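Dear colleague,

A short account of the findings comes after it.

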Amino acid sequence: MSRKHIQLLTKRVLHIDSEERYVRQPKDLEERAKGVIARTYLEEEPTIRQWSRQLVPTVQGAANYVRSLFPFATWIRRYNFHWMAGDAIAGLTIGFVVVPQAMAYALLANLSPEYGLYTSFIGAALYWLFGTSKDIVIGTTAVGSLLVGRVITHVSEEKPGIYTHEEIAKALSVIAGVILIILGLFRLGWIIEFIPYVSISAFVTAASITIMSTQLPVALGIRGINTREAPHLVLAHTFKALGQTKSDAAIGLTSIALLFLIRDVCAKMEVRQPLRKRMWATISSLRLTFTILLYTFISWLVHRNTLVGEYKFRIVGKIESGFRHAGYPKLDTDLLGMIIPELPAIVIILIIEHIAIAKSFGRIFNYTITPSQEILAQGVANFFGPFVGGYVCTGSFGASAVLSKAGVRTPLAGLFSAMVLVLALYALTALFKYIPMAALAGLIIHATSNLLTPPKALYKYWQLSPFELLIWIVGVILALFESLETSIYATIGLSFALSLVRLARTKGRFLGQVHIYRVTSDNSQDKTVDSDGTPSGAQEKSVDVHPSTDSEGVLTSRNAFLPLDRKDSSNPDIKVDSPYPGVFIYRFGEGFNYINQAQHIDHLLSYILKVTRRTTADDGIKATDRLWNDPGPSPGHGHAGDTRPFLRAVVLECASVNNMDITSAQGLIDLRNTLDRYAAPAAVEWHFAGILNRWTRRTLAVAGFGYPSADNPDELGHWSPAYTVASSLAGATDDDTRRAAAFNTHDEEKDNPHENAVSDDKKKETPKESTIEGAETESQTLSSGSSNGTTAVGHESLVPVYGVDRPFFHIDLVDAVDAAMRDARRKDQGRTD
């Protein structure tokens with residue numbers, strides 16, 4: 001069946017007329033264009049078939065996708081001994097840093113210390129296969145461990161004695177890993193952009209306070225405090241029980257003080273001894289390891305001959321050596337049903353924390369990370385971690401900073417860290433038995449204190465966006481007094497609401513025209529400067545009314561557009577005028593879609609009706625036929641004393657508009673119909689500037705925009721075709737290329753003779769320019785002065801930038817305003833004639 005028969009069938013059966021959209025479009029647009037330019041171009045609209053073809057993967061695309069899943073393949077063949085030396089040093093260094101940190105964070109997850117070592121091991125061993133950052137360290141984190149601990153507590157309270165802490169942690173990690181792997185494989189890393197920075201900042205700050213509040217009783221040796229309560233309650237109960245402080249406080253408080261002392265001393269020495277900066281940075285990074293070893297040695301001296309149960313202070317106790325907890329995770333429907341509701345907050349934090357760290361180091365060391373690939377690397381580590389005993393893991397900022405300072409060269413450094421962790425699991429577990437719990441608590445307090453948002457950053461938030469600072473405060477309060485999950489959901493919701501309000505209620509602006517000049521300084525000449533900073537011997541120069549060019553600067557001129565209400569940051573002393581009576585320029589502030597179309601339409605309609613008058617005083621509607629809410633022409637409307645202009649054209653500046661939906665398109669149609677009735681018998685021209693999206697152009701064309709209306713032949717006669725053209729050298733000869741270059745140069749010089757005029761002194765020194773052959777003809781304005789057009793430009797290389805069947809879609813605002821003014825002027829001339 002032919003296309004013609006299909007169209008006939010759909011018209012008769014479904015009453016769908018595919019040609020209806022072309023009723024308003026003049027049939028002779030291309031013929032009119034041929035009277036102005038030699039070569040025409042008709043715009044090809046996008047189709048569903050073209051869009052569908054773009055979604056079909058190609059063989060090359062599939063091969064590139066598979067290669068992108070294993071980024072190590074692009075650099076492993078270039079691996080050398082120099083890189084290996086750097087990776088070995090950095091990997092071993094970070095290994096010694098991660099060991100005490102991993103054991104401490106495992107306690108936050110309500111697990112024994114060895115689980116932290118398992119978790120850090122799997123992250124270090126697998127990341128290099130899938131990661132795109134050389135500086136990231138995947139392992140245990142304070143915030144992640146805290147969330148795991150809360151899930152374990154929740155499940156244990158719901159089903160006491162049914163599931164062990166290990167089973168809950170493993171199941172949580174496997175499910176989180178599956179979600180992350182899916183997000184990574186489908187390249188959905190862009191989803192994280194929906195999570196605003198302020199939500200993460202508030203969450204991390206509140207989580208840090210929560211972690212420190214839970215560890216303070218441990219550091220002081222106070223028992224019987226329910227650390228699962230809200231932080232303010234934990235702190236209150238701790239202060240009330242200060243009288244029950246044990247000897248653990250001596251270790252906890254001194255370990256905290258020692259850690260801060262080493263950090264501050266090393267920081268000062270880095271400034272005083274810049275040549276030894278790396279040495280002091282390494283010492284500072286190893287402060288956690290040194291402190292744990294110191295207090296472990298003290299604990300061993302105190303308890304080496306002490307019987308079990310008679311310890312002077314709490315110690316870690318026996319730790320299983322090797323991977324004794326390796327095995328398949330337990331997954332059943334009841335356990336998954338209790339875990340899944342807790343997953344969104346955990347997955348969000350895992351992704352955001354990791355990507356933020358990776359991007360930060362990428363900016364510092366000038367390399368680009370792939371968010372989706374990083375999520376995949378996380379997912380693999382979280383999925384396989386439970387099989388060796390690990391739990392949820394993500395990028396660690398503290399450990400990554402140490403790795404970076406240690407001189408890491410490639411992601412392969414993680415293997416050397418894994419070796420240290422294996423050594424710790426098999427050879428040092430007997431030593432770990434004597435680690436004081438108060439020392440681990442002090443280590444956690446010290447590490448998480450760096451995650452608090454400092455007052456300086458809060459002040460910066462206030463300067464950048466006061467409303468978002470309020471959201472940050474709400475998030476911290478909710479986290480401290482309600483829950484961390486409520487905090488992150490609430491701050492994300494408030495940020496979304498703020499964005500929607502801004503999108504829906506931000507008004508567009510009507511623009512006026514101003515003639516501006518640009519002055520540039522010529523610094524090619526050497527100048528001496530006096531002690532007060534002023535150039536010596538400098539002479540005052542004055543700028544003539546006419547733009548000029550001299551040895552001190554270049555003055556050029558062009559039209560620009562500023563808001564008529566002057567509620568912007570431009571100089572209020574500058575006069576901004578309407579480009580032409582009855583021509584209105586409107587700029588969308590926050591795009592144009594179904595959320596804000598009513599706001600824009602109402603603003604456009606109310607303003608235009610306020611500052612214009614009807615083309616005819618009597619609209620022809622009887623009082624008995626008029627709607628109850630239509631008062632009709634106001635008294636005195638159209639009176640001789642009414643100096644308001646007639647409505648001629650509306651120019652929409654659409655640089656901020658990418659997509660247009662049905663609601664917004666219908667809003668424009670309704671506004672056009674209303675203004676056409678208001679301006680009848682004249683028709684209002686609609687010009688659009690800066691529309692680049694092909695689908696948006698198609699939407700507007702289907703709605704009847706982009707060309708003069710064929711419904712009003714008289715108005716169509718007032719239309720003066722104007723097209724923006726550019727050089728096309730497809731198939732051109734060398735001679736064509738030379739003449740095009742000569743034409744461009746000559747056109748630039750002749751475009752604005754006043755703006756590019758040379759001063760009298762300069763003219764005397766400049767020889768008379770010769771005329772470029774053919775350039776005079778080619779530089780004429782490509783627009784018709786009458787409806788019949790003028791002689792077409794003969795240069796075959798000049799072609800229209802956009803389709804001649806969409807003459808009201810302009811490349812920029814200058815062209816759009818120029819076209820609208822030209823047609824409005826012709827209408828006014830025709831009215832007076």
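This is a predicted model: local features need pLDDT of at least 70, side-chain atom pairs count only at pLDDT 80 or more; totals for chains, interfaces and linings use all residues.

Residues are numbered from 1 along each chain as its sequence is written, and side-chain values use heavy atoms, with hydrogens and water left out.

With a disulfide taken as a pair of cysteine sulfur atoms within 2.5 Å, the count is zero. Cys266 is buried, at 3% relative accessibility, and Cys393 is buried at 1% (buried means under 20% relative accessible area, exposed over 50%, partly exposed in between, with a 1.4 Å probe and protein chains only).

There are 16 salt bridges, each a side-chain nitrogen of Lys or Arg within 4 Å of a carboxyl oxygen of Asp or Glu. One of them joins Asp711 and Arg24, with the closest N and O atoms 3.3 Å apart. This pair links distant parts of the chain, 687 residues apart: Asp711 lies in the loop between helix H26 (694–702) and helix H27 (713–717), and Arg24 in the loop between helix H1 (3–13) and helix H2 (29–34). Helices here are DSSP runs (H or I, at least four residues), numbered from the N terminus.

Within helix H8 (residues 165–185), Glu166 and Lys170 are four residues apart, about one turn of the helix. Their salt bridge has its closest N and O atoms 3.0 Å apart. Glu166 is partly exposed at 22%, whereas Lys170 is buried at 5%.

Yours sincerely

How values were computed
Helices (H or I, at least four residues) and strands (E, at least two) are DSSP runs, numbered from the N terminus.
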